[in-house]
Amino acid sequence: MVAAARPLRQSNKHNAPGLRFEKDLWAAGNQVVAGIDEVGRGSWAGPLTLAAVVVPQNKRLYKVRDSKMLTEAEREVMHDRILDWASGVSVAHASRQECDELGMSAAQKLAAQRALNGLGEPVDHVLVDGNWDFVESVPTTRIVKGDAVSLSVAAASIVAKVTRDRIMGEADRHYPAFGFAGNKGYPCPRHKAALAAYGPTAVHRRSWIFMDGLRWTAVPRVVEDSPQPSLF
């Protein structure tokens, strides 16, 4: 049974994303319109995660908001409600190894294709958050702050955020000193202190510049065209 969402906090009541973009595309003959959003691009550890959500044309789900506007508990409830409501949901990742080997832009394109393929049906049009078309294989509309104005993208932002947060919570069980359950792999004082004390873990992105300050650990930064052996 899907849990009921609590009443919206006052600050969120008038910030509902709409269906303006979706309705225009449906009216133009696009039957399957997917919203896509990503999370983890700026993290120092863990995967890059993308979600694709196809919202139904004849059934609304209220209390969906940009994931950044919701608390963790609210996101968890809405995640399960979105899975129960949406016409299609797919989540895909680019691993930390792929982020290192391909670079973040190529890794995001790879994860986007995996997410779209995971929907199991041809997609007529995609809505993406931001001003960069990282899909390319399907007609795409770029929407700055799309997770705040498009219901499809907002739903995708919640699914992607909750999925990746759960992954980083699992990583926290293996590497408790780094506080991954709280910081999700992003830089913060505790994360930096743990890196200084213990060096990088198996989930850290080895090509990122923070590695330059960790030479004493004997784990060098991975640099393109100069592959280094991994200790993990």
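The structure holds 10 salt bridges, a salt bridge being a side-chain nitrogen of Lys or Arg within 4 Å of a carboxyl oxygen of Asp or Glu. As background, side chains of opposite charge can pair when their charged atoms come close.

Two remarks on the source are in order. This is a predicted model, in which local features need pLDDT of at least 70 and side-chain atom pairs count only at pLDDT 80 or more, while totals for chains, interfaces and linings use all residues. Residues are numbered from 1 along each chain as its sequence is written, and side-chain values use heavy atoms, with hydrogens and water left out.

Let me begin with arginine 166. Its side chain meets that of glutamate 76 in a salt bridge, at 2.6 Å from N to O. This pair links distant parts of the chain, for arginine 166 is in helix H6 (residues 151-174) and glutamate 76 is in helix H2, 90 residues apart. Helices here are DSSP runs of H or I with at least four residues, strands are runs of E with at least two, and both are numbered from the N terminus.

Arginine 166 also forms a salt bridge with aspartate 80, at 4.0 Å from N to O. Because arginine 166 lies in helix H6 and aspartate 80 in helix H2, this pair ties together parts that are 86 residues apart in sequence.

How accessible are these side chains' residues? Arginine 166 is partly exposed at 41% relative accessibility, glutamate 76 is partly exposed at 27%, and aspartate 80 is partly exposed at 36%. On this scale, buried means under 20% relative accessible area, exposed means over 50%, and partly exposed lies in between, using a 1.4 Å probe and protein chains only.

I turn now to a pair within helix H6. Glutamate 170 and arginine 173 form a salt bridge, with their closest N and O atoms 2.5 Å apart. They are separated by about one helical turn, because they are 3 residues apart in helix H6. Glutamate 170 is partly exposed at 37%, whereas arginine 173 is exposed at 61%.

Finally, is serine 67 buried or exposed? Serine 67 is buried, since its relative accessible area is 9%. It is found in the loop between strand S2 (48-54) and helix H2 (72-85). Leaving aside residues up to four places away in sequence, serine 67 touches Arg75, Ser157, Ile158 and Lys161, where contact means heavy atoms within 4.5 Å.
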